[in-house]
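Good morning, colleagues. Please take a moment with the sequence and the model before I go through the details.

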Amino acid sequence: MAEAPRQIAVLGSTGSIGKNALRVIAASGGRLQVAALSAHSQLDLLVAQAVEFSPRWVVATDIQVAEKFDWSKLPKGTELLMGSSELNRVVGQPQIDVVLAAIVGRAGLESTWAALDSKKTVALANKETLVMAGPLVMQLARERGATLIPVDSEHSAIAQALRAGQTAEVERLVLTASGGAFRHLSQNQLKQVTVAEALEHPNWDMGPKITVDSATMMNKALEIIEAHWLFDVPSERIEVAIHPQSVVHSLVEFVDGSVIAQMSPPDMRLPIQYALYYPDRVGGVAERLDWGASFSLEFSPPDPDRYPALELGHQCARSGGTSGTVLNGANEAAVGSFLAGELHFTEIVPACRSVLQSHNFESDPTLDRLIDLDRWARQEVSHWVFA
Ligand SMILES: NC(=O)c1ccc[n+]([C@@H]2O[C@H](COP(=O)([O-])OP(=O)(O)OC[C@H]3O[C@@H](n4cnc5c(N)ncnc54)[C@H](OP(=O)(O)O)[C@@H]3O)[C@@H](O)[C@H]2O)c1
């Protein structure tokens, strides 16, 4: 008997990951179906997606924007819900099999939490959830028996490579990093970087926040923390290698010295597809390597002076507790200020370091405490912005 289609809730369907996920679902020949979509501000696009995929629910998370919007073109069979709390309710619906958590930043925390709490399989693009609350999120997933599959290309690569051995046989994880848009600029040139320049990534087409995070290397810092909680590997055994081609998405070194890498062209549809079909592999729409052409792969260690964000990532993975939340909140606020023209590019990482150093560390915070601290960290960054 043919398997029933897997029902997917795409949270953040109007973003870069969300749109790529819909391409994967459209190409699935009916094996994957959209059960729910969510968007915050791009409601025209949300309606167009609803017309194409006929979900059971659409959730518009910004109530004020949603109430003023003309919903007359929404398909008849699709129920409209407004507000983030509705999203937390929808992810628990029995019809939904997999929740793709692709809302950007701290805003993705509660819906990811609600999905795990409802024992769903979560395809996790929203790394900020693990950065903020890694121990609590992993504990919830364990207690509920929920499955968490990473969508971040590096963590997807590691999850795939880990299938080659036992947990106790892992020596180290190596996260690859393209080096960002500015890897060839001097410190002086970095001070002049504009918003438009920071939004151009050499290899990946992503949302604005993660594109800026890639340029500062804060993205890799967040990924160190994410990898630490997801794979339970201590910070000192998580390394970063600069790999400008973004073909090797990360590596696992085992105790015997064997290194297993996952390779493919830089195309997020592959890790999304891997997570949505997990544990199966299927033919799909992602680009493939061309073995008829010559190509070279380079790796080099990152210069810690050039990429000071990396040490912040290691520090937060080592200390745990409240540090990840504070780093994440400060970074989101600093990136927002940079994008608004209120902070220089080179001040993003120092602002985050300063807020991290000034916070009163707690080793065992509750989720509510982390949410308070996220607010505090954002306010602290306001001292850094131009008058
Ligand atoms: N893009 C990538 O290739 C990539 C790779 C690895 C990991 N990730 C991770 O995936 C997540 C999404 O990244 P992205 O690049 O797809 O971001 P993005 O393009 O900026 O999209 C963000 C999505 O979140 C929604 N959203 C924004 N603010 C919201 C709020 N306050 N409440 C609810 N929804 C909100 C947006 O809705 P509207 O657009 O309708 O406002 C949009 O659908 C991030 O955590 C990122 O780190 C992304």
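I begin with helix α13, residues 309-319, where A309, L310, L312, G313, H314, C316 and A317 are buried. Buried stands for under 20% relative accessible area, exposed for over 50%, and partly exposed for what lies in between, with a 1.4 Å probe and protein chains only. Helices (H or I, at least four residues) and strands (E, at least two) are DSSP runs, numbered from the N terminus. The cover over the buried residues of α13 includes α10, α11 (218-231), β9 (238-242), α14 (323-339) and α15 (348-358); contact here means heavy atoms within 4.5 Å. After α13 comes G320, with a positive phi near 60°.

A word on provenance. This is a predicted model, in which local features need pLDDT of at least 70 and side-chain atom pairs count only at pLDDT 80 or more, while totals for chains, interfaces and linings use all residues. Residues are numbered from 1 along each chain as its sequence is written, and side-chain values use heavy atoms, with hydrogens and water left out.

Next, the overall division. The domain assignment, which is automatic or from a database, gives domain 1 (6-150) and domain 2 (162-265 + 301-384). Taken over C-alpha atoms, the centres of domain 1 and domain 2 are 25 Å apart. In the interface, 19 residues of domain 1 are in contact with 24 residues of domain 2.

Where does the ligand draw its shell from? At least three residues come from each of domain 1 and domain 2. In total, 25 residues surround the ligand, and the closest are T14, S41, Q42, E128 and G207; a residue is near a molecule if one of its heavy atoms lies within 4 Å of it.

A polar backbone atom of G12 is 3.2 Å from an oxygen atom of the ligand. For V104, a backbone N or O atom lies 3.4 Å from a ligand oxygen, and for A125 a polar backbone atom is 3.5 Å from an oxygen of the ligand. Taken alone, the ligand exposes 900 Å², of which the protein buries 88%, with areas from the Shrake-Rupley method and a 1.4 Å probe. The elements giving two or more residues to the shell are α1 (16-26), α6 (127-144) and α10 (208-216).

Now to strand β8, residues 170-177, which contains T176. T176 counts as buried because its relative accessibility is 6%. A polar atom of the T176 side chain lies 3.1 Å from the backbone oxygen of H249. Beyond neighbours within four places in sequence, the contacts of T176 include E154, K220 and F299.

E154 belongs to the buried residues of α7. In helix α7, residues 153-162, nine of the 10 residues are buried. Their cover includes β8, β10 (248-254) and α12 (269-277).

Finally, a contrast: E52, in helix α2 (residues 43-53), counts as exposed because its relative accessibility is 57%. The C-alpha atoms of E52 and C316 are 42 Å apart, at a separation of 264 residues along the chain.

Terms used: Polar contact = N/O pair within 3.5 Å; in protein donor to acceptor, adjacent residues only side chain to side chain.
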